[in-house]
Amino acid sequence: MFALRWAIKGLVRTPGISAFFIANFALGLVGFLCVEAYKDSISEHLTANAKQILAADLSVSVRREFSDSERALVRETLPPGSEVSEVYDFFSMIFFNDQSRLILVKAVDSSYPLYGQLEMSSKKVVAGGDSKDLFGSPKIWAYAELQEQMGMQIGSTLKLGNLDLTVSEFIEKDASQTFRAANLAPRVFIDRSLLKASGLIQVGSTFTHSLLVRLPAGAPSADLRSQLFSKLPDPAIQVDTSETASEDSARQLKLFSDYLSLVSIVALFLASIGASYLFRLFLSKKLKEMAVLRCLGVSANETIQIALLQTLILGAVSVFPALILARAFIPVFASLLNNITPFSINPGISGASIAISFALASIGSLLICLPFAIKVRDFSPAFLFSEFRLPSTVDFTNWSLMLPAFFFFWGLAIVQSRSMNVGTVFVLVLLGFVMMLTVLGLALMNLMGRWKSSTAKWNLRYSLKGAARRKSSTLSVVITLGLASMLLNILPQLKVSLQKEFATDQANLPSLFLFDIQEEQKDALLKTLKPHEIGDLTMYPLVRSRVLAINGQPYERVVTRDTVLTREEEQEARSRNRGVNLSYRDHLSSSESIVEGRDFSGAHDLNSPKPVEISVEVRYAERVGLKIGDKVDFDIQGVPLSGQVINLRQVKWASFQPNFFILLQPGSIDDAPKTYIAAVPQMLHGRKLFLQKELVKAYPNISIIDLARTTEDVLKLADRFRWSLELMAVLGVLSGMVVLYSVVRTQIWLRRRELNLLKVLGAKLEELTVYVMAEFLVLAVGSVLLGILVSFLISFALLRFVFNLAWHFDWIWPLFSVIGILGIGCVVIWLGSRKVMRERPMSILRSEL
Amino acid sequence: MSLRVEHLSKEYAQGEAKVAVLRDLSFSVAKGEIVAVVGESGSGKSTLLSLLAGLDSANEGQIIVGDTDLLQLNEKQVTAFRASNIGIVFQQYHLVDHLTSLENVMLPLEITKQSNIRSRAVAVLEELGLSHRLTHFPTQLSGGECQRVAIARAIVSEPKLLLADEPSGNLDTQTGEKVMSVLFDVVRKHQITTVLVTHSESLARKCQRELFLDQGQLREISRRER
């Protein structure tokens, strides 16, 4: 009880440091709270609208047509009173007003949607039981963006495959949509009975056939899901309840918010560095007090208790200003992210988030300050006697005391990213940055300490020497400001490099990407393309298959009932539940290279006992756990085939050339049922549109992706993500500024005697201003430049070794960040030093410090 | 409560080498007696005080306060013993800056969870002539007042042994004399055994006995030597 009272009293009576500690930690928590609010609002939407998102209680789907026996099996398993709606989803092209566009077709029956509704531009709301004008006549409902993009109106007639369809409604809001993928392929709805006449679905076409089910009240959908999984023999059949489907459909959003969380952890980490520096100062000021307490009968453990209680209290109190700040930030954050989701987000801070923040702030603050708090034990109160000298600061040399804080951040990163790998890599990379900045910071200090100039004024020389000799405060500034400026710069560097790479590679980028080309359309298609002078067009076969076993171990479907899965578990479950597209070629394309193993040994002889040679993309191999020499058994549309991995390939996916995860030796699957994909080389915009129109007219079943438009849309979407990540980085910079202010204020306070002595010795106020400003400005400039340098190194490494792209230098954003951070830095330094600079020297020199 | 020191030795490690600060010291102080320890800077006076206060451990010997050998107690026991039996006055006062005079004096009673904390603290401060300074913070007090608050804090829990380290070292002669006169009055009144470390010969002469510490060894200075 005494410890608690003393801890509170100590904090209240040291308002300056306490306030800075709280402000610093609060800034670190703001980002975390904003991201949590965003995550919560998405989860709430998904939970509340799970059935509307799936438009059913249960969905049974497969990437082919269900057989009659499978349909019957599903119906037999369902309880009496269940209602079934059949839906086909596939990409296709529509043609209107001399323009064509990739769209996602949903061919539905009259009972669709079994849950949820479609809100039309005409203010009409259509639910499952309502009568719909879509059926009985060739009509189409289209997403409202097509109205603007293609100039359609209600009553316009457009072409979809062999059908001429009249637009009867524009859809404003579709309850089943969870992620607005930059309008890559707007949806249209048609009557399912028109499918045959449309000619869009042919052998090998890419489509999904779903049986949507509304169960009678009280029927257990999870149990039925398990029953259906065990009864339906084909592992490629996917069964989802509304809960599993909503989780899956919001995967991209969750992935994004997970990464956002990681950036918010960086802000928290920066705040923690600042907090530990401030706490060190706080304890240094309290050393005498602690020693007095020890003399008066307080045990060493109790003094540690007091120190730890103070960190807990400071951490917990920092949640309150963080909540206030988060409330101000959330609307900005929500407005940046609202375009990403089709539903509006109104993030609010939940009770659970507040509780987590309290735990995070208290425990985080306790662990980060632990090394200093424990060090208090080593200070003997005998220092109070006249012949001894009280130490001026608390420092620790036992770095193992930092391990709890390290494990705390590690655990937090894993929880926030929901991935052991991502969380671990993130923490290691962060640690790497800190070490890199520490090494560079020490080198900078060394330079500053050695700098000798006979012409430079005394104040500048001594100023730099001072910074070089105060290692811990200098390193705190270098690490926090350096990391913050690195964060600010790394994303723009990546973006600029990607943009420049796309621009310079434009000539090599395909113009159009064609898929679902039928075998019998190959020759005709080449003839159609010939007048357009696009040279030789390679068509790449695509054979659907699934993996049966790896090294004799069955590669079975994973039925997960857990709601909490790590990203790796999700990825693993998805790759097992999905089929795999195979291709074969006798040579590597220009966008791929072998990183391990050997090339194919020519064509495969079907009579040879040798296994078929397999080439696997290197990252896919990592994900699935394949290595050279592994045996893989495939089921290729009913025909078994065994192969052996002979090489791992690196693919430059950004080349947008047709590439595959798994390539088989030529001659092995040449006769299997297949479709083709092709990439039409770069061509002028007008000619591209003309060709696209021609292709849509002649081959309505072939889907076409306009790559220029798609990359533009993806970059736009990425920009929205980038801004929200930048917002988190700005919080990091603010934390860095609080640290800089704290360091300036502390150093100035500790050096009051020195500064006032200089005044007595004749230093002018301007000289003293330079003396103080130069030290901290050099530090700020040095830290920002080091951060930029590290951002260059990291972006270079990411582009070169992860994306396999060239790095391009961009100076505009670094320049802005240097000017911005220095501008704020000057104000911060002036604010932190002005009081001491104006003090009357003798009053300080006479007083007992 | 008497104090008896037997064969006390203390060494510090300085790199590989060991430096003997106190060598086989033995002396005793009777109950209520005031003894001065004098010696040059670095002679080991502060080390001796920190050992007598139980704030440091010795290499050899005994420090018996009443019936208790301090060096046989563990850290928890020595902390409790110090809180109830030993008061310390420092040269630099070492008051807690953010506490008022009254709060500073109440502090030892709060730590040892005693009763009538406020009234006892007020009584001691009144006894030391500080009744008008109860709510003042250390920064608002003169050096002499600070030291009187420090004395009040040291004696408020009625210790049996008082250790004073250069109590007038930070004060001018006149103020120092006044403060010491107050200190002597109080310790005599309460019969507190006192060990006082000082450089001041005049102050040492006011004590009942003087011990001279030189190069880690102690000898008694007889009044005739003066």
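Visitor: How are the strands ordered?
Guide: In chain B, four strands make an open sheet, ordered β2-β1-β4-β5, with antiparallel pairing. Strands are DSSP E runs of at least two residues, and helices are H or I runs of at least four, numbered from the N terminus. Two strands pair if DSSP finds at least two bridges between them.

Visitor: Which strands stand at the edges?
Guide: β2 (17-29) and β5 (68-69) of chain B. Each has a single partner strand, so one side of each lacks a neighbour in the sheet.

Visitor: How many bridges join β4 to β5 in chain B?
Guide: Two, and the strands run antiparallel. Ile64(B) has Asp69(B) in β5(B) as its bridge partner.

Visitor: What should I know about the model and numbering?
Guide: It is a predicted model: local features need pLDDT of at least 70, side-chain atom pairs count only at pLDDT 80 or more, and totals for chains, interfaces and linings use all residues. Residues are numbered from 1 along each chain as its sequence is written, chains are lettered from A and ligands numbered from 1 in the order written, and side-chain values use heavy atoms, without hydrogens and water.

Visitor: New topic. How much area do chain B and chain A bury?
Guide: About 2,700 Å², 60% of it on carbon and sulfur atoms. That is accessible area (1.4 Å probe) lost on being put together, summed over both parts.

Visitor: How many salt bridges between the chains?
Guide: Two. One is Glu110(B) with Arg5(A), at 2.7 Å, N to O. The rule wants a Lys or Arg side-chain nitrogen within 4 Å of an Asp or Glu carboxyl oxygen.

Key. Buried area is the accessible area (1.4 Å probe) that two parts lose on being put together, summed over both.
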